[in-house]
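This report describes selected strands, helices, loops and ring contacts of one protein model. Please look over the sequence and the structure before reading on.

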Amino acid sequence: LPSQFSGLLGTVYRRGNLSFTRDGSALVSPVGNRISVFDLKNNKCETFPLATRLNIVCVGLSPDGSLAILIDEEGAALLVSLIGKCVIHHFYFHKPVHSVSFSPDGKKFVITKDNVALMYHAPGRKREFNAFVLDKTYYGPYDETTCIDWTDDSKCFAVGSKDMSTWVFGAERWANLIYYSLGGHKDIIVACFFEENSLDLYTISQDAALCVWQCDTELDGLKPMPPKDAAREKNAEKNDEEFLEEPKGEEIRGKANPNEQETRDKVKYSRVAKYFFNKEGDFNNLTSAAYHKKTHLLVTGFASGIFHLHELPDFNLIHSLSISDQRIASISINCTGDWIAFGCSGLGQLLVWEWQSESYVLKQQGHFNSMVSLAYSPDGQYIVTGGEDGKVKVWNTSSSFCFVTFTEHTSGITAVTFTSNGYVILSASLDGTVRAFDLHRYRNFRTFTSPRPSQFSCLAVDSSGEIVSAGSQDSFEIFIWSMQSGRLLDVLSGHEGPISSLSFNPMKCVLASASWDKTVKLWDMLDSWRTKETLILNSDVLVVAFRPDGKELAVAALNGQITFWDHENAVQTGSIEGRHDLQMGRKELDKITAKQAAKGKSFTTLCYSADGQSVLAGGLSKFVCIYNVKEQILMKKFEISCNFSLDAMEEYLDRRKMTEFGSMALIDEGAGDEDGVAIPLPGVKRGDMSYRHFKPEIRVTCLRFSPTGRSWAATTTEGLLIYSLDSGLIFDPFELDIDVTPSNIHKTLHQKEYTMAIIMAFKLNEKKLIQEVIEAVPSNEIDVVCSSLPDLYVEKVLEFLASAFEISCHLEFYLIWAHKLLMLHGQKLKTRSVKLLPVIQFLQKSIQRHFEDVSKLCEWNIYNIKYALAVSQQRGMKRLAEETLVDEDDLDSDSDYLM
């Protein structure tokens, strides 16, 4: 199963800065250690198949929109091509970086770290060996630098600092501006912005104060340094560099209070105004800001989740709105100034707001603590997830967006599933209810409960969708309800431990239940609901799953074994010893090694592939194992994440973090972290006493294979990861012989032997060639070609059609193909239905998507035509209406009299 990462759902924003692409229609959002691009015009989301080692802190996009620089928590940077979606270069800045910004002309970029600003030559302009070449280093601030802004013509840039000062530096050495320091604030500088085509500056600090600075010089008034002085400085630098190993670039050292001689004939700034965002007595920290130069629009976000829109320089409030109850971590405005993006890292929210119409363009939020369970809809088009936050979310696999969230549960979700028709979602929760949700009207139409309240740990629904069953953690019973009436039909008792997993046989009405009492019981639903069989294992059973054809049962137990059973005859057909494949990591605070800890670990989730030939297994580690059932061997091991910001990623702990008193991870960094949450004195109202750092642990909570057989999904600490089977990368011929060559296929096509050409194309198995051959068949001959196709190639053509529907615009042509094939070969295909099911479901998903799109378009067009007709009739009636106005006046006076 050659799978590749294809998407990340369930998490839309983690931390770092949001940025719009050059055309303003797409938004780049850092999600943990990956980046997602939200295409707002086409309503699609894509996560790039690349990852940094730790969570991404800042992203810089080049002005031409082709390159991005991603920098993680430790200062390791990736240079990424946004067009090719690949990593071009790695670079390490050695210290955490606060912000990165390209100059508007794209020739330079500046990063801020510690108390310096470093200017580099932008990569990609010339073919250079080293992509990151240091140009100048700027010193000046005493504390860490926080933000950067450039003037429109890339001549100067401003840098804000935690020492409450803002510095303006020349990108080149101007005679009248090398550096300039601005004070005036009483708190950390959050943002600084230049006015359009000007050196005038706005600075904004964390205590919600805005200073407006006016400069006595225009941008054109910046004089280049006389060549004599410049040469003298260059020579001084050259002498220094002879002793150095590598050229360090120019250094510019600013002074906070220069003497008079240095300031003579230089640019001067004066403070024109100071404004405050907070009203009297409010203490609302300003956390982020963005400014759109053309429209003079300032957007500021606060720690309470409120944002303000102001017009500068007059500071007129346009609009204010509360969008969250968490701090707004990042704001970005697109190039037209219409859309504003907000990221809230506390709840993982991402919002795009259109301020003129006051409406949301995008509103997405992941599960704010871990996802526990997932299920695919029968056609593979939707995925439902349940989280510990008690929310049930439904995601569209093609657009990667969540389109409905159900919040009726009051406690964590433990299991979710779709019924066989695909329009009902069931979820079990620790709040003692199983709820059914309707995907037509988006409502909770049934709630199933037990006579005595009990926490449900697992859930299963039979293939007809009529019988719902849930297992209890505390009473060791299985409850059976009717979907039609919502009544409790029966309580199955017999297990002596908590029920850990339930699974219905897809073909028969047989329920398998697994429990911690080391047994799996099979219950026949039609035979007065007595136990049919008990399978005894030698360890607590954690998860049970039926093969898609219902002939085999896979069971994972606490000792790390996966066993396979022929449940008809209650005999074990095979087993896999999987504990060593799980390969645990060691947590920072673990006292024992990963090898010792692994002895008590096992697989907690299992699922069969769509064809039933392999099984996927995952647990409390970063690996997902794929086993071949028949051969009982490990086929592939997937590393779900390479993000070292998560715990339990490494097998061995770093010795440098170990001291004689224990691990450095035990030290609680209360005061002085980046959010500035200081632990206050007892009795102080502001500040949270319980605020602690913790690292989430990497784990795989649930695995499911798509019914279409094209992809599989895993819920992990990072979010919902989707892996698709990549068929396009490999040359995979089928029954190939010596005569099958592209030129021979084209020759056969010329002779109008279509069936032969199709068979030859499938033998070569080149997708482009198959498409060319099939599209060359005239539509009136499709019938004849379909009837003469051998059975073996019918399913291959169907599979090709399903994938072609996703990308092709020849909708009617391919629909004729699908229709003719199914009409002519339907009976023969029915006999192999189990094997063909994934292909048919894949075809159904593709057609269904087109049907929804086209039907929406048709309804809209019908409405428009009706409207046009109504308007034209109205015009004809107007003239008649004018003649009858006199009579109507009389009628009105009569009616007034009656009232």
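In which sense do strand E11 (residues 108-113) and E12 pair, and over how many bridges? E11 and E12 pair in the antiparallel sense over six bridges, where two strands count as paired if DSSP finds at least two bridges between them.

## Basis of the model

The model is a predicted one, in which local features need pLDDT of at least 70 and side-chain atom pairs count only at pLDDT 80 or more, while totals for chains, interfaces and linings use all residues. Residues are numbered from 1 along each chain as its sequence is written, and side-chain values use heavy atoms, with hydrogens and water left out.

## The five-stranded sheet around E12

Helices (H or I, at least four residues) and strands (E, at least two) are DSSP runs numbered from the N terminus. Five strands make up an open sheet of mixed pairing, in the order E10-E11-E12-E13-E21. Strand E10 (97-102) and strand E21 (250-253) are its edge strands, each pairing on one side only. From one strand to the next the twist averages 20°, with axes taken as lines fitted to C-alpha atoms (for helices over the stretch in contact) and angles running from 0 to 180 degrees between N-to-C directions.

Within this sheet, Thr112 has Ala117 of E12 as its bridge partner, and the hairpin of E11 and E12 has two residues between the strands, with Asp114 taking a positive phi near 45°. E12 also pairs in the antiparallel sense with strand E13 (residues 133-139), over six bridges; here Val116 stands opposite Tyr139, and Leu118 has Thr137 as its bridge partner. Five of the six residues of strand E12 (residues 116-121) are buried, so E12 is largely enclosed by the rest of the structure; buried means under 20% relative accessible area, exposed over 50%, and partly exposed in between (1.4 Å probe, protein chains only).

## The four-stranded sheet

A further open sheet has four strands in the order E35-E36-E37-E38, with antiparallel pairing. Strand E35 (413-418) and strand E38 (443-449) stand at the edges with a single partner strand each, so one side of each is left without a neighbour in the sheet. Neighbouring strands of this sheet are turned against each other by 20° on average, direction ignored.

Between E35 and strand E36 (residues 424-429) there are five bridges in the antiparallel sense, and Ile413 stands opposite Ser429 in E36.

## Aromatic rings

A pair of aromatic rings is described by the distance of the centres and the angle of the planes. Rings of Phe, Tyr and Trp (its six-membered ring) pair if their centres lie within 6.5 Å, and planes under 30 degrees apart count as stacked, over 60 as edge-to-face and the rest as tilted. By this rule the count comes to 41 aromatic pairs. One of them is the edge-to-face pair of Phe805 and Tyr814, with 6.2 Å centre to centre and 65° between the planes; Phe805 is buried at a relative accessible area of 2%, and Tyr814 is buried at 1%. Trp860 and Tyr863 form a stacked pair, 5.8 Å centre to centre with 20° between the planes. These two residues are three apart in helix H11 (residues 833-883), and are therefore separated by about one helical turn; Trp860 and Tyr863 are both exposed.

Ring pairs also link Phe91, Phe93, Phe102, Phe109, Tyr120 and Phe132 into a cluster. A charge sits over a ring if NZ of Lys or CZ of Arg is within 6 Å of the ring centre and within 35 degrees of the ring normal. Arg34 lies over the face of Phe5, at 4.0 Å from the ring centre, and Arg53 lies over the face of Phe644, at 4.4 Å from the ring centre.

## Helix H9

Helix H9 (residues 791-807) has 17 residues and should span 24 Å at 1.5 Å a residue, which agrees with the 26 Å between its end C-alpha atoms; the expected span is 1.5 Å times one less than the number of residues. The buried residues of H9 include Tyr793, Val797, Phe800, Leu801 and Phe805.

His292 is found in strand E23 (residues 286-292) and counts as buried at 9% relative accessibility. Leaving aside neighbours within four places in sequence, His292 is in contact (heavy atoms within 4.5 Å) with Leu297, Ile333, Asn334, Cys335, Thr336 and Gly337.

Lys266 lies in the loop between helix H2 (260-263) and strand E22 (269-276), and is partly exposed, with a relative accessible area of 28%. Lys266 and Asn176 are 90 residues apart in sequence and 4.2 Å apart in space, C-alpha to C-alpha. With neighbours within four places in sequence again left aside, the contacts of Lys266 are Ala175, Asn176, Leu177 and Asp216.
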